[in-house]
Each structure stands twice: as C-alpha cells, then as structure tokens.
Amino acid sequence: IAAYPDLNQFTFTQEDGTGWGDAPVNNENYEKYGTHAVEAIRFINVLSEKLDKYLKENNIDREIRIVDFAYSHIQQAPVRVNSDGSMQLMEPDLHYKGNVGVMICTSNVNSYFSLYHPQNAAAEQNIQKWKMISDTFYFWMYDANFQDYLLPFDNFSSMQPNYQYAYENGAIYLFDQMQWNNVSGTDWYRLKQYLSSQLLWNVQLDVPHLIEEWFENYFKDAAPEMKRLFDEERAWFAHLAEEDPTSVGSINTKKLLNAQYWPKNLLEGWLDAIDEAYAAIEEYKSEDPALYTKLYDRICQESISFRYLLVTLYPDSFDDLAAEKASLKADCFRLGVTRSAEFQQVGDTL
C-alpha cells in the first residue's frame, strides 16, 4: 500500500495451479461445505479489519479494496439452495466486508454458450450465490482453449451476452483472457481482441456490424473470401454444438482434436478459401509490397488451425509430412504463435 500510493484495489488471492492447506480444519470445512471458500472469506475479512485499522492508525485517507478470486479451490460459493429455490449463506458470517470484492472466475462455463443458456445453468447459479456473499464484482472470462491454442475455438455467440451479463449483474471490471503468452493467436484472434475492446466500452454495440467492419479493414480485397470462411466455420461449430454440446466451448480439453469432428474435405475446402484470399490480394505484390506482406500474413494466420488439424488428423494425406510440418511451424513462429498450448511450445507439438 505504501509502495503504490496511486492504487486503490489490491488482489489477495491463491496462485494458479497450487494446492490447499491440509490441516484438519481445512478438511473439516471441505467436508461440511463442499468448498474451501469458507476459509478464504473468513481470512479476507480478518485482513479487511486489519487494513481498516492500519489506515486509521497511520492517518491514510484512501479507499482501498481487497479483491479475492473465486477460482479453483474456492470457486464454489458456500451458499445453500433451498427446496423453494431461495438461497441462504451456509453460515451468517460468510459475507465479505464492505471493502472486499470478488473476482468471479468462469472457467467452469461452456464458452460456446452464453451465461444465459441452459448449458451454463449451474455456473450461472454459482455466480448468483456469490452475489449473496459480495457486494462488489469483477469478472474473469476466457477466450481460448488453454490445452490447445492451435485448435479452433468459437465463442463469438457468447461474447456479447456474457459481457452484457457481467454489466447487468453489477460488475465493475471484466478481464477476458485470450492466448496470453502468444504474441499473436490463432483462429480469428485479432477479431476477438477487436470485439472485446469495443464491447468493454459499450456492451450494446451492433456486433454483426463490427465484424463486417473489421473484415473490410483487416483483409481489404480478401474480405469477401475471409468472411465466407468465417461464416462457414461458425456454421460448422453450430452443427457441432447441436450434435455434441460437450465438444465445444471448453477452455481445457483436447476433445476436438479428433477426426470425427473435422472431415478431411471440410478442412481442405477451407484451405481452398485461404488460397482464394491469397489470389484476391495478388495485385499488391507488385503495386504495394508492404501492404501485400501485411495482408498475406493476416490470411496465413487464419490458415494455421486448419493446417494443424490436417497434419495431425490426416498425416497420410501428405507426400512429405515433415516438410508440411516444418512449413507450418515456420509460419507459426514468424507470426508470433510460439506456443501451441499454455504450457507447451509449438516446436514440441509440430
């Protein structure tokens, strides 16, 4: 607090990928409440009281909020749902103090569907439980499959309604985590960044218009071909979601890395569309080489997921598989896609 005099919100949270205390009280609480959130809430409330005392004793005139993270071991809220559907705290003291807020983690949400969709009913109910515990809300959403960055990941139908949900539920902050440790990402990554940057200012914007605008400006002469490819891929995801809702939307699975979900002719057709997009910008190769290179790279980036699926699921299709993988790997590194998953390098995958 002394080191950062301009900040008024501090997180006090668990690290990612850690364990939890195994003292008897931890195990007893989990047996009783089904979550470790009880310890977190009580601990943060003690910290809150000590913080207030510290500010007063040192005559520090600042409003400071502590932010906890409803994630992993404390993702489930200690709130009981009664037979009539009403909710109540499992213990009277399980409410954050006034200077504490909670970051709602949506890692348990199917990101293809919105928080309003029945597929996410349990996760949405858990958010409503947290609303009984905290008066201040932050949201941490996800925009990638962290087990496999190279797989296509469609959350275009859920992005705007989820942002609207956060707004309507009083969130004061929203973070949408993408492929955070890649310089750039795969499968319409830049479009997702653009939509997020717009919707964070106004959740009511016309998303179809934003998408059309982005394609026209980002791909220029190749916009019709790339927009058709985008629409076809989204239509395929709608088909997958209808056939098997569990095959889409997870941020932590390799389930889609299976030939049953990606017919070879479908992938080859999408790469034909990529070739048509290259042809649409051919004139710039001599007229404006710098623009040609920029547009070529943007188109090439959208080919990565389809090429990855082909070399992985249909390796016998290639006369020289090693050369095909080397070409794909070179494009990945050239375009800033150096990681194939959150904790895996592209070189280890290809």
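This is a predicted model: local features need pLDDT of at least 70, side-chain atom pairs count only at pLDDT 80 or more; totals for chains, interfaces and linings use all residues.

A definition to begin with: a crossing is left-handed if the near helix is turned anticlockwise from the far one by less than a right angle, and right-handed if clockwise. Residues are numbered from 1 along each chain as its sequence is written, and side-chain values use heavy atoms, with hydrogens and water left out. Helices (H or I, at least four residues) and strands (E, at least two) are DSSP runs, numbered from the N terminus.

Now the helices. Two packed helices are described by the angle between their axes and the distance between the axes. Axes are lines fitted to C-alpha atoms, for helices over the stretch in contact, and angles run from 0 to 180 degrees between N-to-C directions.

Take helix α6, residues 207-219, and helix α7, residues 223-243. Their axes come within 9 Å and cross at roughly 135°. That makes α6 oblique to α7. The cut-offs: under 35 degrees is roughly parallel, over 145 roughly antiparallel, 65 to 115 roughly perpendicular, and the rest oblique. The crossing of α6 with α7 is right-handed.

Who touches whom? Contact means heavy atoms within 4.5 Å. From α6 come I211, E212, F215, E216 and F219; they meet A223, M226, K227 and F230 in α7. This contact of α6 with α7 has 6 nonpolar, no polar and 3 charged residues. Here Ala, Val, Leu, Ile, Met, Phe, Trp, Tyr, Cys and Pro count as nonpolar, Asp, Glu, Lys and Arg as charged, and the others, Gly among them, as polar.

Next, helix α5, residues 189-199, against α6. The angle is about 130°, and the axes are 11 Å apart. That makes α5 oblique to α6. α5 passes α6 in a right-handed crossing. On the α5 side, the contacts include Y194 and L195; on the α6 side, they include W214 and Y218. By class, the contact of α5 with α6 has 10 nonpolar, 1 polar and 2 charged residues.

On to the spaces. On a 1 Å grid over the protein atoms alone, a cavity is a set of points where a 1.4 Å probe fits but cannot get out. A pocket is an open set with protein on both sides within 12 Å along at least five of seven lines, and lining residues have an atom within 4 Å of a point. Grid points are joined across faces, edges and corners, and a volume is the space filled by probe spheres set on the points.

How big is the largest pocket? Its volume is about 600 Å³. It has 21 lining residues, and D16, Y71, Y142, Q177 and E342 lie nearest its centre. The lining splits into 9 nonpolar, 9 polar and 3 charged.

The second largest pocket has a volume of about 250 Å³. Of its 16 lining residues, L271, R307, L310, F318 and E324 lie nearest the centre. Helices α8 (264-280), α10 (289-313) and α11 (321-334) each give two or more residues to this lining.

Last, cavities. There are 5 of 30 Å³ or more. The largest share, 4 residues, comes from α4.
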